[in-house]
Every structure is written in C-alpha cells, then in structure tokens.
Amino acid sequence: MLLNFDFFVILLQILIIPFAMLITWAIYCDLSKSEIPPGIDQPMKLRILNWLMILSSFLGKILENLHLCTEIHFIRYTQEGKRMGEDPKLDIKDLVFEDIPVRVYQPRGPRERRGVIYFHGGAWVFGSINSYDHLCRYIAKESDSVVLSVGYHLAPEEKYPSQFKDCLTASIHFMKTAKDYGVDPACIVISGDSVGGNLAASVCQALVTRSGIPRPLAQILIYPGLQALDFNLPSYQQNRAVPILYREHVVGAALRYLNKDLSVLESVMQGCHVPRDIRMRFGKWISSENIPNEFKVRGYKPPTAASYEDNIYEVVKQALEPTFSPLMVDDVVVGQLPKTCIVTCEYDVLRDDGILYKKRLEDNRVPVTWYHIENGFHGVISLFDGFLSFPSGKKGVDSIITFLKDL
C-alpha cells in the first residue's frame, strides 16, 4: 500500500511540477510582453485567454522538436472544436463547392431569405468551419438568414492567393445557386472577421467588377486587416502588445501567407518595403492624417520615415497588391461597392485599417455603418458566449445582427 502511495506521489510530481512550470512561464511571458490597457473589457479574463494561447504555442514547439507534429497543426487541433449537435431551428449541411468545404445554415420554414457568406479569421493559417460553428449558428438564427461558412484552404500548405481564390469561387457558386438554399440572389451579404474581413473586402471588390452574377447587397467587415503599406499607424503603436494580436504577429502572418522568410519582419514593420512612388500614390488614403484626433491621444508618435530597401520590396511586393491590401484598390472599384458595415475595436492593432476604409468608402459615397467597440480587443466577436466570453463580444455580434435586419 505504501509503495502504491509513493508511486502516486511520484506520478503527481512528474505531472504537476512541469505543468506548474509551464503555467508560470506562460504568466511570465504574458506579463513581460503583453499590455492590458485599463479600459479593456474584463482584463483578467483576457490574460487567462492569452496564457492559454502561449501554452498552446509552447507545447506545439515541444511536439515539433520531438518530430511528433508541427506547431501549426497542434494549435489547429486545440482550436478546432467540434460541430455542435442538431438545432431545431436550423437545417445544417456540410457540402463541397468545387473542392472547397462549406457549411450551410438554413433557418427552417419555406420562405426566401437573405444570404450571408462568412469567411473565418485565423491569420490565413488557423480557423475552420467548426471553430466558427457557434457564431454562424447564432447569426443564422438571430438574423433569420441563410449563412454559408467557407472552409478555405489554409497557409502554409496553400500559398497566396489561394485563400482569396477559394473564397471568390465559393461565393460565385453560392450566388449562382442561391435559390437552391432558399436565398434571394439579390440579397447576399459578404462578410468575415480579421483576415476573413480582408478576404471579404477583396472578394467584394472582385464581385462588383464581374458581369453575369448578382451584385452583393452589402459587406460586413469585422476588425479587418486591409493594408500592408504602413504598420506604424496610431493603432499599431498603441496596441502593439495587446492580446490576442500583437503588431509583430500581423507582419509575421502576412509573411507566412506570402511564403516569405521571417528575416525581413523588422524591416517591413519599419516600412522599408515601400517604394517612394507607391507611398506617394497611396499615402493620401493610408495615412495617420486620416485618423481622427481622438484616436491619437493614447501614446501616438509620428514615426521617422524609413529608408527604402529594394531587396525588401522584392521579397514582399505581393503584399502591396489590392488582392492582399484592399485599401490599395482604385477609386473606380471603391465607388461600386455596396453598403458596408465595419466593426472596429479600440484595443486592436487593426483598428485604423477599418477607420481608413470607412473614410475611403464615404469619400466615394458608399453608405457605411460603423460600430466601434470602445472596450473591445481583436478577436472578441468570436468570444461572445461560452466560458471565456466577453460582454463586448456579444455587443459586437448583436450590432451585426441589427445591421442585417435593417437591410
């Protein structure tokens, strides 16, 4: 009996001590690298969420060093979730549009509805139909819309611009077959969050210039990343270390999406990748001068102009294409875009991308509804329910529902 007890104690030490060390290490990383502004929604809960993400990444690195799986695949596994059970209010179908997995959430009842095409976030590398199942169900039920969730293929397995092409292909297929799902083809909304918002903006721009398909009724862009010209805008400076998206993470994700070496990351953050002619041409749209003064009071300093380096530009020049940076598309396209809903969060590095696109659209007389979550952070929309939920996320989701109902 004593032997068994001793063995049990040893086993606990083997399991608990390393786990406690991991927790301590995660807390140290969070406290040393992260900044939680005092105005943010439920700061302690956000810290816990950040600890979990740090632990997931660290364990993924260990497994990769042991040649058991890659860090990326481990993080995908931890975030994947499962498809929820049947819903009495929805008919839910997993389908394939050409070679692209999709899931259709169709409210029950024989009548024609609006359609909402949704592209998930996840830095082009993470995210899935399952991980956004709860959000898409909620949108479908609360707005009485047919929601199409698109499982575009992820980087780094599929390179840029494969994700854009997947989303465009799935959208066109759905628009052409809308009546099969009880959807009015003239009432289809393109939407997404984070990089999904980037993809939604690019897809919407592509759709309005095509003939033979219905024009989108609207677009919903939830804290979208829309440009790779300037990573020193006020929100990039102010929120550079606010979880769950750091400034360096944005540039790193962009480089991985483009399948480029991370050694140029610091140069890109400084702006060494932008030629003078491109900066002059697009600076009128992508500039801190277009950001309202109330968004500059929290620690913004105008950056020193970076020296252009041609070798850095050659590496990342694709990031300055409109397909990657929708804010850099011509006015002739912007003027054709449908009414738009933009959601931004105060404590988000991507906040100013949304604000700049809002101004660009309004300058071209496109109607814009803007919801700014003053105590929100990047990713909060997906955290509108469940154990790690935030009231600001619920507020953001319900604002989107209101926009859809008012169309």
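Analyst: Happy to; we will go through confidence, a strand and its partners, salt bridges and one histidine. Please keep in mind that this is a predicted model.

User: Then let's start with confidence. What average pLDDT does the protein chain have?

Analyst: The chain averages a pLDDT of 91, and 92% of the residues score at least 70. Residues 1-5 are another matter: their pLDDT is below 50, and the stretch has zero contacts in the model beyond near neighbours in sequence. Where pLDDT is low, the predicted coordinates should not be read in detail.

User: Good to know. Now a strand: is E4 mostly covered or uncovered?

Analyst: Strand E4 spans residues 146-150 and is mostly covered, with five of its five residues buried. Look at the directions of the side chains too. Val146, Leu148 and Val150 point one way, Val147 and Ser149 point the other way, and all of them are buried.

User: Which strands pair with E4, and in which sense?

Analyst: There are two pairings to look at here. Strand E2, residues 100-107, pairs with E4 in the antiparallel sense over four bridges. Within that pairing, Arg103 stands opposite Ser149. Strand E3, residues 113-119, pairs with E4 in the parallel sense over five bridges. There, Ile117 stands opposite Leu148.

User: How does the chain cross from E3 to E4?

Analyst: The path runs through helix H4, residues 133-143, and this β-α-β crossover is right-handed.

User: On to charges. How many salt bridges does the count come to?

Analyst: The count comes to 20 salt bridges, taking a side-chain nitrogen of Lys or Arg within 4 Å of a carboxyl oxygen of Asp or Glu. One of them joins Asp144 and Arg113, with the closest N and O atoms 2.8 Å apart. Asp144 lies in the loop between H4 and E4 and Arg113 in strand E3, so the pair ties together parts that are 31 residues apart in sequence. Asp144 counts as partly exposed, at 23% relative accessibility, whereas Arg113 is buried, with a relative accessible area of 8%.

User: Where can I find salt bridges within a helix?

Analyst: Lys358 forms a salt bridge with Glu362, the closest N and O atoms being 3.3 Å apart. Lys358 is buried at 18%, and Glu362 is partly exposed at 36%. Asp363 and Lys359 meet in another salt bridge, 2.8 Å from N to O, and they too lie in H13, four residues apart. Asp363 counts as exposed at 53% relative accessibility, while Lys359 is partly exposed at 32%.

User: Which residues are linked in a network of salt bridges?

Analyst: Asp94, Arg103, Asp133 and Arg137 are linked in one.

User: Last one: why does His372 count as buried?

Analyst: The cut-off for buried is under 20% relative accessible area, and His372 counts as buried because its relative accessibility is 18%. Then ask what surrounds the residue. His372 lies in strand E8, residues 368-377, and a polar contact of 2.7 Å joins its side chain to that of Thr344. Leaving aside residues up to four places away in sequence, His372 touches Phe295, Thr344, Cys345, Glu346 and Arg351.

Note on methods
Residues numbered from 1 in each chain as written. Predicted model: local features only at pLDDT ≥ 70, side-chain atom pairs only at ≥ 80, totals over all residues. Heavy atoms only, no water. Buried < 20%, exposed > 50% of the residue type's maximum accessible area, 1.4 Å probe, protein only. Helix = DSSP H or I, 4+ residues; strand = E, 2+ residues; numbered from the N terminus. Pairing = 2+ DSSP bridges. Right-handed = clockwise from strand over helix to strand, strands pointing away. Polar contact = N/O pair within 3.5 Å; in protein donor to acceptor, adjacent residues only side chain to side chain. Contact = heavy atoms within 4.5 Å. pLDDT = per-residue confidence, 0-100.
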